[in-house]
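User: I am new to this structure. Please take me through it in short steps.

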Amino acid sequence: MNRVKSNVLDIRTPEGIVFSLQLAGPVTRFLAWGIDFAATMVLVLMLTYAISFFAIFGAFLLFVGDWLAAFYAVAVFAINTGYNILLEWLWRGQTLGKRLLRLSVMDAQGLRLRFDQIVIRNLLRAADMLPALYLVGGIACLISRRSQRLGDFAANTVVVRTPKVLTPNLDQILAGKYNSFRDYPHIEARLRQHISPEEARIALQALVRRDALEPQARVELFSEIAAHFRNLAKFPEEATYAITDEQYVRNVVDAVFRSQKAASEKSPR
Amino acid sequence: MIIDLQRFLKEERPYWEELEKLLDTVAADMTFKMGLDQARRLQYLYERTATDLSKLTTFASEPELRHYLESLVGRAYAEIHEERNRTRWFAPFDWFFSTFPCAVRKHAWAFGVACLITLAGSIFGGFAISGDKEAKDVLMPFPGLDIDPGKRVEREEKLSDADRLAGMKAQGTSFYFTHNTKVSIMTMAVGVFWGIGTVVLLFYNGVILGAVCVDYIRAGESVFLVGWLLPHGSVEIPAILLAGQAGLVLGAALIGGKDRNSVRGRLRLIGPDLVTLIGGVALMLAWAGFVEAFLSQYHEPIIPYAVKITFGAIELICLTLFLIFAGRTKGLFARRKGRGAA
């Protein structure tokens with residue numbers, strides 16, 4: 001396990017598979033806490049209005065007012081103490097703030113989050129909040145290589161980012177397009193041999209995100225990437241004649257991410 | 001070599017979706033129990049997806065797909081490799097009469113240390129107030145405690161005609177309960193500073209307790225003192241000591257000492273006990289708050305001191321017997337069973 005502070009927690013399974021959890025930073029967590037704080041305030045406010053409503057009828061009887069006030073005090077305490085515990089338990093490590101900011105509490109070993117872990121990490125907020133505004137917890141979070149506040153450390157939990165995961169839609173960028181490189185399978189093979197997964201990823205990501213780029217930036221980016229691939233494998237002029245840099249990169253990606261068999265089966269002529 | 005990503009997706013996606021669906025089913029229902037076939041299928045899908053992740057990481061740097069598979073493998077890993085019992089139905093009766101006293105006894109050393117620290121604080125507080133009268137303002141800056149004990153007793157024993165706390169007793173209960181529970185949570189929580197925070201708070205509580213006791217004893221109001229404190233104090237003070245016990249257990253787990261487990265391993269072991277202890281403390285404080293509001297604040301001639309003292313003494317004896325003996329048979333059985341399984 002890496003001892004250096006990082007925003008990724010790698011977990012190696014007994015089968016030798018490594019998967020990563022992206023750790024949430026103190027600023028995002030503080031924002032999530034702010035949302036949760038506001039949510040508890042709203043709950044307390046709603047409770048106050050509800051109690052006030054009942055108090056109108058109960059004010060005539062002394063003991064009713066007494067029990068109503070007692071209920072109010074206990075309910076406010078329960079909301080402040082139990083809000084995080086209850087939601088993290090019901091929503092599998094998430095509160096309203098964490099859900100909105102796509103954060104989640106997880107066991108630091110990647111195991112199932114348990115109720116006692118949730119309770120401990122939330123009760124130990126009392127220590128993390130010292131002396132005010134989570135100063136102790138914030139410092140601990142900055143120092144900790146897993147971005148853990150004291151409550152997380154004691155409960156053996158981490159707060160991770162849970163970005164929305166979408167599988168790439170390769171059909172949108174590859175399917176149904178004529179690829180002039182396929183006429184030169186030996187050069188395609190050379191290209192596949194020389195290209196690294198990282199280079200292939202850059203080309204694929206450039207195509208996936210091309211619509212999000214400014215027109216000028218888009219032209220420049222594909223020009224650079226195409227120039228790089230031209231150096232890796234040289235296709236004859238008739239294969240590259242009159243095609244744009246973007247089309248060149250598309251052909252490269254198509255050649256790299258499709259097997260020859262699939263290409264020959266699906267290629268429209 | 002780079003894999004044919006599109007064919008890879010087409011072939012493997014049904015397995016990933018099946019795994020995702022199975023994991024969603026398990027997560028949605030806490031009582032869900034997997035059959036043998038389902039467990040085998042989960043294992044198969046997990047291994048297949050893990051292999052896909054491995055292939056993808058080695059042969060194609062497609063970050064979105066990798067994150068997706070990492071998320072799936074992570075969730076399946078948590079289900080398959082979790083060896084601790086899954087929480088199913090909470091049994092409050094069993095928890096209170098067995099789990100709670102067993103947790104107290106399991107860490108009896110910490111309870112003993114909490115008692116000693118509080119006692120040391122009490123002795124210090126007692127000496128401080130007996131040696132320096134001005135220390136009272138510093139040690140007991142609380143309304144009701146800052147006045148002369150004799151005057152207070154005289155004033156409160158005169159209030160015999162009317163129920164001076166009418167319409168306030170339930171509020172009093174809620175105040176004592178919430179305030180003392182917050183203090184208990186803090187006492188446990190600051191144990192995370194290697195136990196030092198808990199030691200300081202226990203000592204401080206002891207100082208106040210010792211100062212109050214000596215103040216009333218010196219004023220010749222010992223009977224009033226016992227009659228006032230014992231009904232709720234016989235539960236409230238042990239509750240604070242149990243919170244201190246939890247804080248000390250937490251601190252000891254962080255320090256380690258001769259324990260060969262890692263810090264994480266030690267914390268993992270004590271986690272359920274900490275939650276049990278603080279849960280028990282909250283229940284005890286609810287009772288103590290009720291007694292304090294409805295009984296402790298009434299004195300002679302409304303309620304004879306003998307009645308109050310007897311009530312407090314019975315509570316203390318019952319609590320002691322409860323913590324020593326409750327759940328013992330089951331605890332022993334559980335230990336034997338554990339050894340047998342090992």
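User: What is the strand order of the open sheet in chain A?
Analyst: This is a predicted model, in which local features need pLDDT of at least 70, side-chain atom pairs count only at pLDDT 80 or more, and totals for chains, interfaces and linings use all residues. Residues are numbered from 1 along each chain as its sequence is written, while chains are lettered from A and ligands numbered from 1 in the order in which they are written. Strands here are DSSP runs (E, at least two residues), as helices are (H or I, at least four), numbered from the N terminus. The open sheet of chain A has 4 strands with antiparallel pairing, in the order 1-2-4-3.

User: Why is one side of strand 1 and of strand 3 of chain A left without a neighbour in the sheet?
Analyst: Two strands pair if DSSP finds at least two bridges between them. Strand 1 (8-12) and strand 3 (103-107) of chain A each have one side without a neighbour because each stands at an edge, with a single partner strand.

User: What is the average twist from one strand to the next?
Analyst: Angles run from 0 to 180 degrees between N-to-C directions, and axes are lines fitted to C-alpha atoms, for helices over the stretch in contact. From one strand to the next, the twist averages 50°.

User: How many bridges join strand 3 of chain A and strand 4 of chain A?
Analyst: Strand 4 (residues 157-161) of chain A also pairs with strand 2 (residues 18-23) of chain A, in the antiparallel sense over 2 bridges. There, A:Leu23 stands opposite A:Val160, and A:Gln22 has A:Arg161 as its bridge partner. Strand 3 and strand 4 of chain A pair in the antiparallel sense, and the number of bridges is 5.

User: How many residues of strand 4 of chain A are buried?
Analyst: A residue is buried if 20 or more other C-beta atoms, placed from the backbone, lie within 10 Å of its own, exposed if 12 or fewer, and partly exposed in between. Strand 4 of chain A is mostly covered, and the buried count is 4 of its 5 residues.

User: Is A:Val208 buried, exposed or partly exposed?
Analyst: A:Val208 sits in helix 10 (residues 197-208) of chain A. Around A:Val208, 17 other C-beta atoms lie within 10 Å, so this residue is partly exposed.

User: Over which residues of chain A does pLDDT stay under 50?
Analyst: pLDDT is the predictor's confidence in each residue, from 0 to 100. Chain A has a mean pLDDT of 84, with 86% of its residues at 70 or more. Where pLDDT is low, the predicted coordinates should not be read in detail. In chain A, pLDDT stays under 50 over residues 263-269.

User: How many helices and strands does chain B have?
Analyst: Chain A comes to 14 helices and 4 strands. Along the sequence, chain B reads α-α-α-α-α-α-α-α-α-α-α-α-α. The count for chain B is 13 helices and 0 strands.

User: What percentage of the residues of chain B count as buried?
Analyst: In chain A, buried residues make up 34% of 269. Chain B has 342 residues, and the buried share is 40%.

User: At what angle do helix 5 and helix 10 of chain B pack?
Analyst: Two residues are in contact if their C-beta atoms, placed from the backbone, lie within 7 Å. Residues in helix 5 of chain B, including B:Ala110, B:Phe111 and B:Thr118, meet residues in helix 10 of chain B, among them B:Leu241, B:Gln245 and B:Ala252. The axes of helix 5 (residues 108-131) and helix 10 (residues 222-255) of chain B are 8 Å apart, and the packing angle is about 115°.

User: Which helix of chain B gives the most residues to the side that touches chain A?
Analyst: In all, 58 residues of chain B are in contact with 54 residues of chain A. Helix 1 (5-28), helix 2 (36-59), helix 3 (63-81), helix 8 (169-189) and helix 11 (263-296) of chain B each supply at least two residues of that side. With 13 residues, the one that gives the most is helix 3 of chain B.

User: Which residues of chain A are in contact with B:Ser174?
Analyst: B:Ser174 lies in helix 8 of chain B. B:Ser174 counts as buried because there are 25 C-beta neighbours inside 10 Å. Setting aside neighbours within four places in sequence, B:Ser174 is in contact with A:Ala70, A:Ala73 and A:Val74.
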